[in-house]
Amino acid sequence: MKLISIAALSIAIGALASPVLAGEYTDSYVVEQDDRGAQKCYVGTYYPAQYRVYPKGVKLRGSRKTISVSGDRYVVGRDAPLYIETRKRVKEDYVSLRPTGC
């Protein structure tokens, strides 16, 4: 009997907390209840994720020679190798809150 009531309580708390978590993103926050009863305000600073970029990530083709013929003239050239750049996330994004006056 206690297991059912604990499960029902946790479902009810989860249902109440979901609208709070689904709110829109803002960059300032207000905490209205405090131990001393004073109001505190915060300003949020967003720090984006950091990536490591690999310019030679995926090789599509190597270098190759080209020959173009114009009459009795032959021109030999070279095409550079072709790569697809790849990125790897090394640090997640986050918001840092700084206390300010209201």
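Accessible areas are taken here from the Shrake-Rupley method with a 1.4 Å probe, and for residues only the protein chains shown count as cover. By that method the accessible surface of the protein comes to about 9200 Å², and 56% of this surface belongs to carbon and sulfur atoms. The model is a predicted one, in which local features need pLDDT of at least 70 and side-chain atom pairs count only at pLDDT 80 or more, while totals for chains, interfaces and linings use all residues. Residues are numbered from 1 along each chain as its sequence is written, and side-chain values use heavy atoms, with hydrogens and water left out.

**Overall fold**

Of the 102 residues of the protein, 3% count as buried, where buried means under 20% relative accessible area, exposed means over 50%, and partly exposed lies in between (1.4 Å probe, protein chains only). Among the contacts (heavy atoms within 4.5 Å) with a separation of 6 or more, 58% are made by residues 24 or more positions apart.

Proline 55 has its place in strand β3, which spans residues 50-61, and it counts as exposed because its relative accessibility is 58%. Leaving aside residues up to four places away in sequence, proline 55 touches Tyr83, Ile84 and Glu85. The C-alpha atoms of proline 55 and glutamate 85 are 4.6 Å apart in space, although 30 residues separate the two in sequence.

Glycine 57 also lies in strand β3, and with a relative accessible area of 34% glycine 57 is partly exposed. With residues up to four places away again left out, glycine 57 touches Ile84 and Thr86. Between glycine 57 and isoleucine 84, which are 27 residues apart along the chain, the C-alpha separation is 5.7 Å. Isoleucine 84 itself is placed in strand β6 and counts as partly exposed, because its relative accessibility is 42%.

Isoleucine 84 also belongs to a nonpolar surface patch of about 330 Å², which is made by Val58, Leu60, Leu82 and Ile84. Strands β3 and β6 (82-91) each supply at least two residues of this patch. Patches are made of residues with over 30% relative accessible area and no salt bridge, like charges being joined within 9 Å and nonpolar side chains (Val, Leu, Ile, Met, Phe, Trp, Tyr) within 5 Å.

**Salt bridges**

A salt bridge is a side-chain nitrogen of Lys or Arg within 4 Å of a carboxyl oxygen of Asp or Glu, and a search of the whole structure finds two of them.

| Salt bridge | N to O distance |
|---|---|
| Aspartate 79 and arginine 64 | 3.5 Å |
| Arginine 89 and glutamate 92 | 3.0 Å |

Technical notes: Helices (H or I, at least four residues) and strands (E, at least two) are DSSP runs, numbered from the N terminus.
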